[in-house]
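Look at the fold below and follow the chain from strand to strand. Keep the sequence at hand as you read.

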Amino acid sequence: MIHYGRPPFLDRFPSSRVPAYPRHKGPLASEVVIVGGGLTGCATAYAFAAAGIHVTLVEAERIGRGSTSAVAGWISEDPGTSFVEVEKMIGRRTARHAFHAWRRAALDFSALLRRLDIACHLEPHSALTVAFTPEQIARLKREQKARLDAGLETPALNARAVSGEVALDAAFALRGRDGATLDPYRACLGLAKAAADRGAQIFERSPMTRITFSRKTADVHTAGGTIRAQRVVVATAIPAGVFRSLARHFWFRTAYLALTQPVPAKIRHQLGKRTTVVRDSAEPPHIVRWLDDERLLVVGADTESPPERLKEKVIVQRTGQLMYELSVLYPDISGLQPTYGWGVGYARTAEGLPYIGPHRNFPHQLFAFGDSSHSLTGAYLASRILLRHHLDEVEPSDQAFEFTR
């Protein structure tokens, strides 16, 4: 049976252990209110609470059950966009700051999850970005040169090394050393609990309806009441509802994911190391990782987000497409069936970097929108940048993620 439209990470967590947080009711006051209970919101709630800030988080549905549970569970060490293109748009120095910050965030995020002892199947995994065609090889070599010229460590592998590691007939690859994989839903629940343990107030099933503000404060209105705060952090990934005026900064896309049935042991041994995440150089790229050391999870087939009435049909079609494209990469798995197929929406900026921080038209508010990396690193990075903005301790690297207009 194929489960369409539902990510597997929800089914892998026992329903009897899903934590329940109350609905927001009545008037409250808090130094900071966070809107959005996905990984970015929960990581930010923990960061603020750990800094001694009184923080309240409101989530419209249930913690972690939106786009967080639908991603691939990869902590990548780069933002998934071309350094060459980012450098053209924002300059070498700012681009270098952005890529350094992303790599540092990948390392620090893994360290935080270990320190908090969050049981989310965290495992270190290197990554290879591979190139097959002459055009892809030339583009990836230009990427390597640009990164090296900017002082970014960028190891390369030849065809023999790529084949030995991931059993792909690629001619060239770039190595990422500092990534990891995990269960994103478990990580989100763990961070929410850690934030609550530090004093954060968390409310589920409490949709924000509007935000009003005065010269010194903002009022977050929910279905159950009002929370007055000095700062509001909006961590909903995509600008919608009362923030739809910010949509002009973004392109709205959907990535699709498929999880295979268990790969037979004989075939698994022919597919290279299961400790490496593979990203190809197609446009859009595919990302392939192992789950439980026996199933392949593939991400790709990105499109402009379809209308609601077509979503189910598109998911079925794209799941079939992904399985075919996975069999092109690994012919030995031809005939293997998917067990899950689903999609996750995201917003993309012109630079390919998320926008994290204030916008001049929204007093007392900070935003985290537009992470199109298909990884979880941006959630942790956003939590640190947002905290620095609140404390007025912005670092030079944070400027790379500012709203451009």
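In strand β17, Leu297 is the bridge partner of Arg289. This is a predicted model, where local features need pLDDT of at least 70, side-chain atom pairs count only at pLDDT 80 or more, and totals for chains, interfaces and linings use all residues. Residues are numbered from 1 along each chain as its sequence is written, and side-chain values use heavy atoms, with hydrogens and water left out.

Strand β16 (residues 287-291) pairs with β17 (residues 295-304) in the antiparallel sense, over five bridges. Two strands count as paired if DSSP finds at least two bridges between them. Strands are DSSP runs of E with at least two residues, helices are runs of H or I with at least four, and both are numbered from the N terminus. Strands of a sheet pair through backbone hydrogen bonds, either parallel or antiparallel. The hairpin of β16 and β17 has three residues between the strands. There, Asp292 takes a positive phi near 60 degrees.

What lies on the other side of the sequence from β16? A hairpin of six residues joins β15 to β16. These two strands run antiparallel, joined by two bridges. Arg279 has Ile287 in β16 as its bridge partner.

Is β16 enclosed or open? Five of its five residues are buried, so β16 is largely enclosed by the rest of the structure. Buried means under 20% relative accessible area, exposed means over 50%, and partly exposed lies in between (1.4 Å probe, protein chains only). Ile287, Arg289 and Leu291 point one way from β16. Val288 and Trp290 point the other way.

Now turn to a helix. In α6 (residues 159-166), the buried residues are Val162, Glu165 and Val166. They cover an arc of only 75 degrees around the axis, which puts them on the same side of α6. That arc is taken from the directions from the helix axis to the C-beta atoms. An α-helix has 3.6 residues a turn, so residues three or four places apart point the same way. The face turned away from the buried side carries the exposed residues Arg160 and Gly164. The cover over the buried residues of α6 includes β6 (126-131), β7 (156-158), β8 (172-176) and β15 (276-280).

The ends of α6 have their own details. Asn158 caps the N-terminal end, with a side-chain oxygen 3.3 Å from the backbone nitrogen of Arg160. Just after α6, Ala167 takes a positive phi of about 55 degrees.

Next comes an open sheet of three strands, in the order β4-β9-β5, with antiparallel pairing. Strands β4 (74-75) and β5 (123-124) stand at the edges, each with a single partner strand, so one side of each is left without a neighbour in the sheet. β4 pairs with β9 (residues 180-181) over two bridges. Trp74 stands opposite Thr181 in β9.

Ser327 lies in α9 (residues 311-329). Ser327 is buried, with a relative accessible area of 14%. A polar atom of its side chain lies 2.6 Å from the backbone oxygen of Tyr324. Leaving aside neighbours within four places in sequence, Ser327 is in contact (heavy atoms within 4.5 Å) with Ile333 and Ser334.

Finally, step back. The chain has ten helices and 20 strands. Of its 405 residues, 56% count as buried. Its C-alpha trace spans about 60 × 50 × 40 Å along the principal axes.

Key. A polar contact is a pair of N or O atoms within 3.5 Å; within protein, one must be able to donate a hydrogen and the other to accept it, and residues adjacent in sequence count only if both atoms are side-chain atoms.
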